[in-house]
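Hi,

Here is the structure I promised to pass on. Have a look at it first, and my notes follow below.

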Amino acid sequence: MQTQIVGPAFFLNPSWKEYLLDYVSSNLNSSTLLRMFKKILWFLLLIVVGLAGMIILNTVRFSHPIPTRQSLEIPPINDSAIRHLSEAVRIKTISYADSLPIDTAEYIKFGKFLEKAYPLVHQKLPRKIFNQFSYLYSWQGKNQNLQPYIIMAHMDVVPVEEATVARWTVPPFSGALKDSMIWGRGVVDDKGCVITILEAVENLLRQQFQPERTIYLSFGHDEEISGSHGAKSIADWFKENNIHPALVIDEGGEISNEQFPTLRRPIAAIGVAEKGYLSFTFSVEKEGGHSSIPEQETSIDILSKALVNLRKKQMPFHVTAPIAELLNRIAPGLSFYQRMALANPWLFKSSIQRNFEKDHVTNSLFHTTIVPTIVNSGIKDNVIPSVATAIVNARSLPGDSEANVISFMKNQINDARVRIVPEKTNKEASPTTAINSPAFRKIEELSYKIMPEVIPVPYLLLGGTDSYDFNQVSDGVIKFAPSIDAKGYHGIDERLPISDFRRMIFFYSLLVRESGK
Ligand SMILES: [Zn+2]
């Protein structure tokens, strides 16, 4: 009988397979082999059971019912409120493009309309005017020790494309009332907010109400073209006067039944941050010439290749703090499999990631997105141009800076002939308002009152709002208005159900009434 093999010999011997066979045939009879096999099986089984137990335990921890709170009954509104929104829609306060002039007569008309529709607001609340058309009203509170609130909205709207007018159910600037909805450009974005804020305040003034803390109403006139004359000037005024509001609330997130249909409950997506807005000019210069004798590579070729390479890969998948908390709050209401995946990210990370990346909207919540939006080159069909340029627009997650984006793009393109110049107006992602801040808690609490069964969650805005500039004076910036899955903004058939319109008035009214709590 041979001696038992020892480790080093096993490794040193070049023909280890022979050794092993030799060992098995001489050292082990079939019953010891079976015993060893059984031991290994038991060991593997133990690991599997342990892992399964851990997965199930984590999943069960996620399975508690999501709390509900009693909502309040939404009071009826005056017919005049609906008429006011219709009238507001009929005034064409349109922001065309940064470089195009606005129709100032319409903005003057809008100011006059507000004065007429809301006489008490204009009698009792001092108004400051910024750059002719943006307004800041201040409503003195009883307690000057409390930091004020700012309630915001914007009065301008995007244009309606000429080619789409015929596809609207009603003329886009009619403000028509049809099927219990108010229709027209701006009813959602964002005249609906302007009017519901003012309706709430006018009603409270009629009841001789005075808020506990000072409330500012801030209405910008150029949000759709960056807000640099309206909201930015108003935010600067707060900074100059050293006023630091506890809460700044603007448009942004809303109530949604559609985002997570398997929940079978609405969420209130309370915006606590917005993604950055970064644009870059890519340019390639290379001597052109006659198109009958092209060189191997032209400026257009180099730029095209760069853009293709740029789009081959995304910046890293990243779960930001608001989205992590959102998933945490809704997970208990999802299906068993979804819950199991979210409760065990250590195991299911890649499947979670693949799932979110399938849809271009959810994908944008987890990635800094980068996409070319304008390409320019050439003047004539038989001339090879010597310059080719593109504008590339990135929307950056909190945590991905402009410098990160540039270095990612350079890496992807890997061609020094492509020059990348960032725009001077670039905005990094906003700071994130903490979910334990009094501002978030206040809006969370109000969302329970205005919507039965609601699950309030923090949310990251993919687009930009006027409230961005207020981060310099407040750490309580919130982006939320309680419409439900609003339809048609920036598109066709923009419409706001009257039920949403009523809920919005009630929401702003509660916000003012309970400002001292
Ligand atoms: Zn808007």
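Let me start with K449, which counts as buried at 18% relative accessibility. (Buried is under 20% relative accessible area, exposed is over 50% and partly exposed is in between, with a 1.4 Å probe and protein chains only.) Before you read on: this is a predicted model, where local features need pLDDT of at least 70, side-chain atom pairs count only at pLDDT 80 or more, and totals for chains, interfaces and linings use all residues. Residues are numbered from 1 along each chain as its sequence is written, and side-chain values use heavy atoms, with hydrogens and water left out.

**Salt bridges**

What does K449 pair with? Its side chain meets that of E445 in a salt bridge, 3.6 Å from N to O. (That term stands for a side-chain nitrogen of Lys or Arg within 4 Å of a carboxyl oxygen of Asp or Glu.) E445 and K449 are 4 residues apart in helix α15 (residues 438–450), so about one helical turn separates them. (Helices are DSSP runs of H or I with at least four residues, strands are runs of E with at least two, and both are numbered from the N terminus.) E445 is partly exposed, with a relative accessible area of 27%. Salt bridges with shared partners also join E297, K305, D415 and R417 into one network.

The structure holds 18 salt bridges. One of them is between E115 and R127, at 3.0 Å from N to O. Because E115 lies in helix α5 (residues 104–117) and R127 in strand β1 (residues 127–130), this pair ties together parts that are 12 residues apart in sequence. Both ends count as partly exposed, E115 at 36% relative accessibility and R127 at 28%.

R127 turns up again in another contact: it lies over the face of Y135, 4.5 Å from the ring centre. (The rule here is NZ of Lys or CZ of Arg within 6 Å of the ring centre and within 35 degrees of the ring normal.)

Then there is E212, which forms a salt bridge with K142, the closest N and O atoms being 3.6 Å apart. That pair links distant parts of the chain, 70 residues apart: E212 sits in the loop between α7 (191–206) and β6 (215–220), and K142 in the loop between β2 (134–139) and β3 (149–154). K142 is exposed, with a relative accessible area of 52%, whereas E212 is partly exposed at 31%.

**The zinc site**

Which residues hold the zinc ion? It is coordinated by H154 through NE2, D189 through OD and E251 through two OE contacts, at 1.9 to 2.5 Å. (Donors are N, O and S atoms within 2.8 Å of the metal, or 3.2 Å for Na, K and Ca; water is not among the atoms, so sites may look incomplete.) Along the chain, the donors follow the spacing H-x34-D-x61-E. H154 in strand β3 and E251 in strand β7 (residues 247–256) are 97 residues apart, which links distant parts of the chain. H154 and E251 are both buried.

The angles among the 4 donor atoms run from 54 to 142 degrees, and the site is irregular. (Four donors are tetrahedral if all angles lie between 85 and 135 degrees; four are square planar and six octahedral if opposite donors are over 155 degrees apart and all others between 65 and 115; anything else is irregular.)

**Aromatic pairs**

There are 14 aromatic pairs. (Rings of Phe, Tyr and Trp, the last by its six-membered ring, pair if their centres lie within 6.5 Å; planes under 30 degrees apart are stacked, over 60 edge-to-face and the rest tilted.) Y107 and F133 make a tilted pair, 5.4 Å centre to centre with 40 degrees between the planes. Y107 is in helix α5 and F133 in the loop between β1 and β2, 26 residues apart. Both Y107 and F133 are buried. The ring centres of Y137 and F219 are 6.0 Å apart with planes at 65 degrees, so this pair is edge-to-face. Ring pairs also link Y216, W237, F238 and F470 into a cluster.

**Backbone**

Q132 is not a glycine, yet has a positive phi of about 70 degrees. Q132 is exposed, with a relative accessible area of 60%.

Cheers
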